[in-house]
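This report is written for a reader meeting the structure for the first time. Please look over the sequence and the model before turning to the sections that follow.

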Amino acid sequence: MSVQPDLSCDLFVIGNGLAGMSTAVFAANRGLKVCQIGAGQPLVFHSGLFDFITTWPVQEKTNWDDPWKALNKVKLSNRKHPYSHHNPEDIGNAFDEIAAFLSSEGLPHGIRSGKNSRLVTSIGTVKSSYMIPFSMLSAIPALEQKWPTLIVDIKGLREFSAEQIRETLKTTWPTLSTATVDPAFSSQKGEKTAEHLARALDLEQNRRHLADAIRPHLKGHKAVGLPPILGIQFPSASVSDLESKLGVAVFEIPCLPPAAPGVRLKEAFERGLDKKGVVRPGNVRMNRITPEHDGAFSIDLSSDFMIRTIKAKGIVLATGRFMGNGLVADGKKIRESVFGIPVIQPESRSAWYNRHFFDRRGHAINRAGIETDPFQRPVDEYGYSLYSRLFAAGSILAHQDWTREKSGSGIALASAYHAVLSYMELETGISRRYDIHAACTA
Amino acid sequence: MNKRIRTQVLVVGGGATGASVLWDLSLRGIKAVLVERKDMNSGASGANHGLLHSGARYVAGDAHAAAECREESEILKRTAARYVEYTGGLFVAVKGDDERYISDFKHFCSKVNISADELTPAQARELEPSLSGDIIAAYRVPDASIDPFGLSLSMMTQSASTGAEIFFQSRIRSFVVKNGRIVSTTVENSATGETLDIEADVVVNASGAWAAEVAGLAGVSLPMTYSKGTLLVTAERVARHVVNRLRPPSDADIIVPGGTVSIVGTTSVRIDHPDETMPTVHETDRIIEESRVLMPRLQTERYIRAYSGVRPLAGVSGNQGDRCISRGFALLDHGCDGVSNLVTITGGKLTTCRLMAEKTTDLVCGHLGISAECRTRTTPLADLSQCGWTTPGASASNWLRKKAPKDLILCECEMISTDIVDELSQSLEENDGQVSLVSLGQRSRLGKGPCQGAFCVFRVTGHLYRNRFLKGKNGLTQMKAFAESRFKGIRTVLMGPSLAQAELQEAFQCGLFNLEQQ
Ligand SMILES: Cc1cc2nc3c(=O)[nH]c(=O)nc-3n(C[C@H](O)[C@H](O)[C@H](O)COP(=O)(O)OP(=O)(O)OC[C@H]3O[C@@H](n4cnc5c(N)ncnc54)[C@H](O)[C@@H]3O)c2cc1C
């Protein structure tokens, strides 16, 4: 066991989901010294699609093509919603900054004229989302204009069924057809995973095999839709390469995670953050957090090999909900796991869930979480911030129901952005309006 | 004109009792048709404890029922061995339990010939290390657990192979009664809306808690009350034996192992209508509170599901509480009510389903003027491979035994493979049933493992499309229906670590796939 020297940083980020990773990006982009910890691999459960907001109000299932209009409605009707703390310009900047970051890591994304885009999922439903990975962009005009499209199954890949997509959509999109291929590169027999296939398809020769297997099925098709398997490191190059090999548009169809789009995000964030000098000690436990007199924190970390104390001027809590262990519950109460921050929640367990899973109102437990002040700082029962430099971001925030609103990624990005800017504003005393532009050129 | 068929006996209800009657009739060479409004075992036979009673539980209160259980459980252990796990049972008392009951127990058992070996608390804890340290007395009895799905499916399939006809999704709509006889019965298919007229010499009403409703259609009034019982399923098997609390029957005093899980219960709540089978958070808490006295780990155990069944109580109970009068069965010849060829068999236990069928079939034979001997006492039930998929953990061992290279695993928690899904889907189609996720779930462990269907439901649906068992938008409807039916079971036990699983499921179903908007 070695005792490592103390490390000091500006922001200590707890959590490695989309909110935690984005926080680290925003902070590092602004020259802050960042240390980040997390557990598991939450990003591999990301579908690749960055939702902003589509459905509001949830109980009426009103879907918006223009998320900015939806955002206005949210602000007008629910002043406690996390989005209510953010101005539209900041939200737009947050999306742009993450898009630029991901693009520089080989994962370009597209936003179509500031609007939500509609695309087909692997179960044949149509989903509307905001920021779309490059590898899925052609799916948008394909659906809009009902291009004659070939959906391709890979033998042994259980998360994807081309027939399911064709059958489910056949009345609205009659020009879909399907084929099953068993490309020569995949020596694996039996079950195949999307991630394994995607890693293989980072190689040009394997894409050639795939193209050879698909080509005989092309009969006047304008596009080919595939499960998300076109590479982990360079998916956009792989898509373009396959397009030139086949002579038609190629797109990936989002499917049940964990799959390649999530793995790509995880690896891109990790690569990029390493380059930016963000310290990310792996496999560590957080034993204790001690608030100091000056508002800073002292954090004791340990692993099987070392113990280390981190001095941080501020902390961003991005631990997620139950899946991320940010929230935990016994049979009676929901608690916040790191600081014991008061959790806004229903009176008793009987009120957590409605009787029916698909109840249009959504379940009360999903709106439980922690409340923050306008600086994105968690508050106590009386509405006062608990610590002057403790911020919270992402799905742990109360008063939102991201699975029904389709707002998960947007809330993560917007609240992470807001947390970092609030930290800087409080630290420097300079109002944020002045440094946004400087930051973006940095 | 409606489609018409003719038969000697019409059996109403596809639970364990109806299946047993059908099986008994078939073995006696009598032509029979069974109609079931939903699916096999969709009533109490699919929502019970799965305890094959040695009879010990009833020795103090009802010696007759105890003796019946002793004899019937011995028979089923021989004829239905494939569906019985001979776990053995323990009766244990903890500090504060009624001393008098404890000291009389062995004597009562010996009066009805049930073996009860006295164990020291230390011996009991050696057999079941999870038992509480507060045990003051323990006995070992010949309890066992039984798979009710395998049992019913096997009896039905074997009857069908000798000519009996079975109609699922077929509800009795009306009886045509002329001159004190049912001359024809109209059933309606709930999926297609088509109707069918069945002419039978005798009608057996084996519709369990719905017996009053069915008898009512023939103008016969049958006073009945209903008691709802709720049970919890643990993620792991917490004991090898059946564990009973050694006290007069009460709430949450039995823990029954079933394959890789355990079932803890029950509660007893009066309800007005047999369709009220939604478990509540209150019942869930009550079961945990009570059962942890026997086994402290049940306080923190992970529960994967709760479900409720309804006990029909023929006649109105006195002031002793529902548990005291409920365990015997009622066999009623409605000749005295003015309908000469209608017989009702209701109440009783899963353990005594064979006996109930024997008595019923004897009565039916009398009506038909046939003398044929009952053969269910000695005829073993066949081991049908497709029946085995309902036992927790069973598909894993079957799959390992016969893994074919093309066979893909669709559900990792319960090791359900493409071959299993194909085999079940084919037999569903052939038996005129529809292939649906819910009906696959009734015939396998689909969605019942730790992930509660978060992953496998999508894979199985995709596979069903691939092999053309599903068409059009049907898959979306099916996925929603399946999620809804699983949710009914997990809603009250969502706490602790299972909340993460629920969150993941909602992230997939709603967040990504928009299923709630379809
Ligand atoms: C909570 C609970 C725990 C239990 N635990 C045990 C135990 O551990 N051991 C034991 O031995 N016994 C146990 N029992 C008792 C046992 O479950 C029942 O005695 C047995 O399952 C009854 O079977 P059945 O076929 O008579 O009724 P059911 O299984 O209820 O079957 C009746 C069928 O009739 C159908 N039906 C209704 N109306 C119509 C209509 N109009 N047309 C067509 N069909 C219709 C229903 O859909 C249903 O499938 C338990 C019961 C409960 C409620």
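## A buried residue in chain B

In this predicted model, Val343(B) has a relative accessibility of 0% and therefore counts as buried, the cut-off for that class being under 20%. Val343(B) belongs to strand β20 of chain B, which runs over residues 342-347.

Neighbours within four places in sequence set aside, the contacts of Val343(B) include Val202(B), Val203(B), Val204(B) and Asn205(B). Leu331(B), Leu332(B) and His334(B) are also in contact with Val343(B), as are Thr360(B), Leu363(B) and His367(B). Leu476(B), by comparison, stands 133 residues from Val343(B) in sequence, and 42 Å lie between their C-alpha atoms.

## Domains of chain B

The domain assignment divides chain B into domain 1 (3-44 + 149-222 + 327-368), domain 2 (83-144 + 225-311) and domain 3 (389-517). Between the C-alpha centres of domain 1 of chain B and domain 3 of chain B there are 31 Å. Seven residues from domain 1 of chain B and five residues from domain 3 of chain B take part in the contact.

## The ligand and its surroundings

The ligand is surrounded by 36 residues, and the closest are Thr17(B), Glu36(B), Ser45(B), Leu51(B) and Thr351(B). Sorted by class, this shell holds 13 nonpolar, 18 polar and five charged residues. Domain 1 (3-44 + 149-222 + 327-368) and domain 2 (83-144 + 225-311) of chain B both contribute residues to the shell, so the ligand lies between them.

For Ala44(B), a backbone N or O atom is 2.9 Å from a ligand oxygen; for Leu350(B), the corresponding distance is 3.0 Å. A polar backbone atom of Ala16(B) lies 3.2 Å from an oxygen atom of the ligand. On its own the ligand has 1000 Å² of accessible area, of which the protein covers 96%. Elements giving two or more residues to the shell are α1 (16-27), β10 (170-178), β13 (224-234) and β18 (303-314) of chain B.

## Domains of chain A

Chain A is assigned domain 1 (2-102 + 264-441) and domain 2 (122-254). The centres of domain 1 of chain A and domain 2 of chain A, taken over C-alpha atoms, are 34 Å apart. In the contact between these two domains, 16 residues of domain 1 of chain A meet 18 residues of domain 2 of chain A.

Technical notes: Residues are numbered from 1 along each chain as its sequence is written. Chains are lettered from A and ligands numbered from 1 in the order in which they are written. This is a predicted model: local features need pLDDT of at least 70, side-chain atom pairs count only at pLDDT 80 or more; totals for chains, interfaces and linings use all residues. Side-chain values use heavy atoms; hydrogens and water are left out. A residue is near a molecule or strand if one of its heavy atoms lies within 4 Å of it. A polar contact is a pair of N or O atoms within 3.5 Å; within protein, one must be able to donate a hydrogen and the other to accept it, and residues adjacent in sequence count only if both atoms are side-chain atoms. Accessible areas come from the Shrake-Rupley method with a 1.4 Å probe; for residues, only the protein chains shown count as cover. Helices (H or I, at least four residues) and strands (E, at least two) are DSSP runs, numbered from the N terminus. Ala, Val, Leu, Ile, Met, Phe, Trp, Tyr, Cys and Pro count as nonpolar, Asp, Glu, Lys and Arg as charged, and the others, Gly among them, as polar. Domain bounds come from an automatic or database domain assignment. Buried means under 20% relative accessible area, exposed over 50%, partly exposed in between (1.4 Å probe, protein chains only). Contact means heavy atoms within 4.5 Å.
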